[in-house]
Amino acid sequence: MTRIIASLSEVSAGYSALFCDLWGCLHDGKRPFAEAVEALRAFRARGGTVLLMTNAPRPKPSVVRQLESIGVPPDCYDEVTSSGDAAQYALVTGAVGRRVYHLGPQKDETFFTELSPDLQKVAATEAPIVRVPLEEAEGIVCTGLFDDLTETPEDYRATLLYAKTQGLKLLCANPDIVVDFGDKRIYCAGAIAEAYDAMGGHSLYFGKPHPPIYDLARRRLEALRPGVPADEILCVGDGIATDIRGAVAEGLDSLFITGGLAASVFGENGETLDQDRLEHWLAEAELSPTLTIARLR
C-alpha cells in the first residue's frame with residue numbers, strides 16, 4: 001500500500017538523492033512550479049543531491065538551456081540525465097546503423113550535433129552517423145512528431161508501414177506517450193514507437209522505464225556523490241507507466257505525483273487524496289509507488 005504524504009519534507013531525511021522527473025513535476029513546459037522548486041531547494045539544503053531525470057529526447061546541455069529559458073533556477077538541482085543522452089550512446093555505437101532517417105522536429109537537431117563530454121569520448125572512437133532520406137536509411141531515429149501541436153501517430157502510418165517492410169529498427173529517444181504542454185496534451189516519440197511495434201516493427205527504448213537511462217543516472221550520481229546506496233534514492237514522477245514502473249523495475253523507492261498526467265483522475269491540485277480510490281487505480285495499473293503526493297512541494 002502506498003503512503004500518501006503532504007510534502008517531500010516528511011520523508012526527505014531518509015534519502016540522499018532524488019531522481020526527479022521534469023514535465024508535470026517541476027514544470028509544465030512553459031513555467032516552473034514554485035512549490036516544486038522550493039521543495040528541491042530544501043532537499044539540497046539538507047544535504048541531498050537532486051538529479052533531474054527526463055525523457056526529453058534532447059541531450060543534457062539542451063535540456064539545461066530549456067530549463068533556463070522557462071525560469072527553472074539552477075540552484076534547485078545538481079545534475080541532469082535525459083533519455084536523449086542514453087539514446088545518443090546507442091546511436092553513436094550503431095544500434096540502428098550508421099545511415100539514419102530522423103523522424104522528429106527541428107528543435108531536436110541537437111540530438112545529432114551536441115554530446116555531453118562523457119559521450120563525446122565514445123563518439124570519437126566510432127564511425128560518423130549520417131542522416132539520409134528514409135529510402136536510403138539503415139534505421140530510424142525518432143525524437144518526436146514533426147509537428148506535435150497538430151499531428152497524431154496516425155499521420156505516420158504510411159511511413160511506418162514502409163519502414164516495417166524494409167526491416168528498419170526505430171530508435172525511440174523519448175518513451176513518453178504524451179506530455180502536457182501548458183494546457184495542451186501532445187504526443188511524444190513513444191507514441192510513434194508504440195504504433196510501430198503494434199504493426200510488427202522493432203523499436204528500441206532508452207528512457208524511463210527502461211534500464212539505459214537509470215544506468216547513466218547512477219553513473220552521473222556516482223561522479224557527484226560516490227557510494228549512495230539504492231535504498232537512499234527516491235524516484236519522483238507523474239508517469240505511472242514510465243517514472244513509477246521504471247523505479248519499481250530498478251528496485252528504487254518512488255514518489256508518485258497525482259496532479260500531473262493523472263490529474264483528470266485525481267485533480268490537478270488534489271489536496272485531499274482518497275486512499276481507497278488511489279489504491280483501486282493503482283491496482284488497475286498493477287503498480288504501487290512507495291509514496292504518493294498531489295504535487296511536489
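Buried means under 20% relative accessible area, exposed over 50%, and partly exposed in between, with a 1.4 Å probe and protein chains only. The model is predicted: local features need pLDDT of at least 70, side-chain atom pairs count only at pLDDT 80 or more, and totals for chains, interfaces and linings use all residues. Residues are numbered from 1 along each chain as its sequence is written, and side-chain values use heavy atoms, with hydrogens and water left out.

**View 1. Ala 137 in its loop.** Ala 137 is buried, with a relative accessible area of 13%. Its loop runs between strand 6 and strand 7. Helices (H or I, at least four residues) and strands (E, at least two) are DSSP runs, numbered from the N terminus. Ala 137 touches Arg 99, Val 100, Tyr 101, Val 132 and Leu 168, not counting residues up to four places away in sequence. Contact means heavy atoms within 4.5 Å. Ala 137 and Arg 98 are 39 residues apart in sequence, but 8.5 Å apart in space, C-alpha to C-alpha.

**View 2. Strand 2 and its pairing.** Two strands pair if DSSP finds at least two bridges between them. Strand 2 (residues 17–20) and strand 12 (residues 233–237) run parallel over 4 bridges. Ala 17 has Ile 233 as its bridge partner in strand 12. Another 4 bridges join strand 2 to strand 3, again in parallel. Here Cys 20 has Leu 52 as its bridge partner.

**View 3. Strand 3, covered on both faces.** 6 of the 6 residues of strand 3 are buried, so the strand is largely enclosed by the rest of the structure. Thr 49, Leu 51 and Met 53 lie on one side. Val 50, Leu 52 and Thr 54 lie on the other.

**View 4. Helix 7 and its cover.** Helix 7 spans residues 189–198. Its buried residues are Ala 189, Gly 190, Ala 191, Ile 192, Ala 193 and Tyr 196. What covers them includes helix 6 (157–165), strand 8 (169–172) and strand 10 (184–187). Just after the helix, Gly 200 takes a positive phi of about 100 degrees.

**View 5. Thr 258 between strand 13 and helix 10.** Thr 258 is found in the loop that links strand 13 (253–257) and helix 10 (263–266). At 0% relative accessibility, Thr 258 counts as buried. Its contacts, not counting residues up to four places away in sequence, include Phe 266, Leu 273, Leu 278 and Ile 293.
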